[in-house]
Amino acid sequence: MYFAHPMRTVRSFLRLCVPVCTALLGGCETAPNVNPYGRPTPPAAARPIDRDVFEISDLDRRPVPRLQRPPHYPVEMRRAGVSGRAVVDFIIDETGTVRDAYVIETTYPVFGAAAVECVSAWQFAPGLRGRSPVKTHLQVPIVFTLSDSR
């Protein structure tokens with residue numbers, strides 16, 4: 001009697017499940033725009049315009065990372081040998097705290113949730129315009145890769 005290796009089974013399941021779920025939902029364009037925490041994620045064009053939030057190109061000094069821990073690799077994805085990425089959109093406020101972090105795109109929702117959790121804990125020296133600290137808008141890709149050394 002043949003038993004499939006558990007890792008091979010999970011990998012096969014993920015390869016089959018994701019395209020089927022995408023097909024059932026009608027593709028990414030028609031799927032509801034919900035982040036991994038279940039809250040609706042506004043499209044960039046629909047976000048309220050905050051005149052106090054600046055892009056990196058508009059600053060005299062960019063935000064400087066003070067605390068940036070790496071994300072926790074989701075256990076089920078590590079066991080399955082799956083890698084992926086997530087892009088997180090967020091605001092750094094005048095104190096250097098990350099605010100309003102949400103996923104823009106992700107290969108798997110579990111990676112998006114881990115990326116938002118990670119980025120939300122980061123701390124920065126705030127960006128400056130003139131000599132005043134200002135809110136800064138950023139987008140960061142978080143890449144989840146498996147390495148041979150664990």
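## Terms and model

Buried means under 20% relative accessible area, exposed over 50%, and partly exposed in between, computed with a 1.4 Å probe on protein chains only. This is a predicted model, in which local features need pLDDT of at least 70, side-chain atom pairs count only at pLDDT 80 or more, and totals for chains, interfaces and linings use all residues. Residues are numbered from 1 along each chain as its sequence is written, and side-chain values use heavy atoms, with hydrogens and water left out.

## Tyr-73 and Phe-111

The structure holds seven aromatic pairs (ring centres of Phe, Tyr or Trp, the latter by its six-membered ring, within 6.5 Å; planes under 30 degrees apart are stacked, over 60 edge-to-face, the rest tilted). In one of them, the ring centres of Tyr-73 and Phe-111 lie 5.7 Å apart and the planes meet at 85 degrees, so this pair is edge-to-face.

Tyr-73 sits in the loop between strand E2 (64-67) and helix H2 (75-80), and Phe-111 in helix H3 (residues 109-120), 38 residues apart. Helices (H or I, at least four residues) and strands (E, at least two) are DSSP runs numbered from the N terminus. Tyr-73 has a relative accessible area of 12% and is buried; Phe-111 is buried at 0%.

## Tyr-73 and Phe-144

Tyr-73 also forms an edge-to-face pair with Phe-144, at 5.7 Å centre to centre and 85 degrees between the planes. This pair links distant parts of the chain, with Phe-144 in strand E7 (residues 132-144), 71 residues from Tyr-73. Phe-144 is buried, with a relative accessible area of 2%.

## Cluster

Tyr-73, Phe-111 and Phe-144 belong to one aromatic cluster together with Tyr-108.
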